[in-house]
Amino acid sequence: MPPKKRKADGEVAVAGAARPPSTSLLAALSEAAARPLSWRKVSADGLDVDYCRLLDGALADRTLAALEEDVDYFTGDLAQVFVFGKWHDIPRQQCSFGDAGLSYKFSGRTVPARPWPQSLLALRAAVERAAGTDFNFVLVNRYRSGADHMGEHQDAEKELDPAAPIASLSLGQARDFVFKHRDARRPRPHKRDIPPVKILLEHGSLLLMNHPTNQVWYHSLPARRSCPGVRVNLTFRRMLRA
Ligand SMILES: O=C(O)CCC(=O)C(=O)O
């Protein structure tokens, strides 16, 4: 493996700059997206999501290996959040890529989009074909172990195009993804007893969060000590330009 470039805090290396992905991986991703997919619909009050296995085990393994080689994650300020008056390291690794000039506000941070590396362009094309829509930004989250997690939140920022789904591709360790209705989080007497919806996100799976899911439901990826393996998740998004 070639040595990784040294970077200043907060700076992110451009993934894939050193070595382009093999043409066979690019071709296999394009073939995978052209196959008929078997979708499962999950719906509840204001929740509308679709789930399928986009990549088979072998292709998901190769894609994960390419991303592990190519992608460098944020360090320094961009790897921290300000909560209850203190800075904390985020409990996972994160970086983002997108079309020129785009950025995304997340956990009180403005996350800049780095230029798309080739491997992620191929993955984006496969996800776009499966989802039937186009995306201009991706947030990549890497969970080093079952202790890494993401707390309850909504992806309802104003720069997200509400008409486009958020497409979440998962690689590596399977982990539970939990949706919670906004009214189930309210204090009594406004609280409604709506059960959470849990979906296991498997290696190579694609989850589409369709409108109005993100306005009505919160989602999280809870810590799971029984799931020690590395997991990489990519949420492809369509951002509106200011
Ligand atoms: O890793 C996951 O599946 C969760 C990602 C997520 O919630 C997000 O990017 O907003």
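Modeller: Take helix α2, residues 57-70. Its 14 residues reach 20 Å from first C-alpha to last, close to the 20 Å expected at 1.5 Å a residue. That expected span is 1.5 Å times one less than the number of residues. Helices here are DSSP runs of H or I with at least four residues, strands are runs of E with at least two, and both are numbered from the N terminus.

A word on the source. This is a predicted model: local features need pLDDT of at least 70, side-chain atom pairs count only at pLDDT 80 or more, and totals for chains, interfaces and linings use all residues. Residues are numbered from 1 along each chain as its sequence is written.

Now the sides of α2. Ala60, Thr63, Ala66, Leu67 and Asp70 are buried. Seen down the axis, the buried residues of α2 fall within an arc of 125°, so they line one face of the helix. The arc is taken from the directions from the helix axis to the C-beta atoms. On the other side, Gly57, Ala58 and Ala65 are exposed. Buried means 20 or more other C-beta atoms within 10 Å of a residue's own, exposed means 12 or fewer, and partly exposed lies in between, with C-beta atoms placed from the backbone.

What does the buried face meet? The buried residues of α2 pack against α1 (23-34), α3 (118-131), β10 (166-172) and β15 (231-237). Contact means C-beta atoms, placed from the backbone, within 7 Å.

Look at α3 among these partners. Its buried residues include Leu120, Leu123 and Val127. Gly132 follows α3, with a positive phi near 70°.

Note on methods. Two residues are in contact if their C-beta atoms, placed from the backbone, lie within 7 Å.
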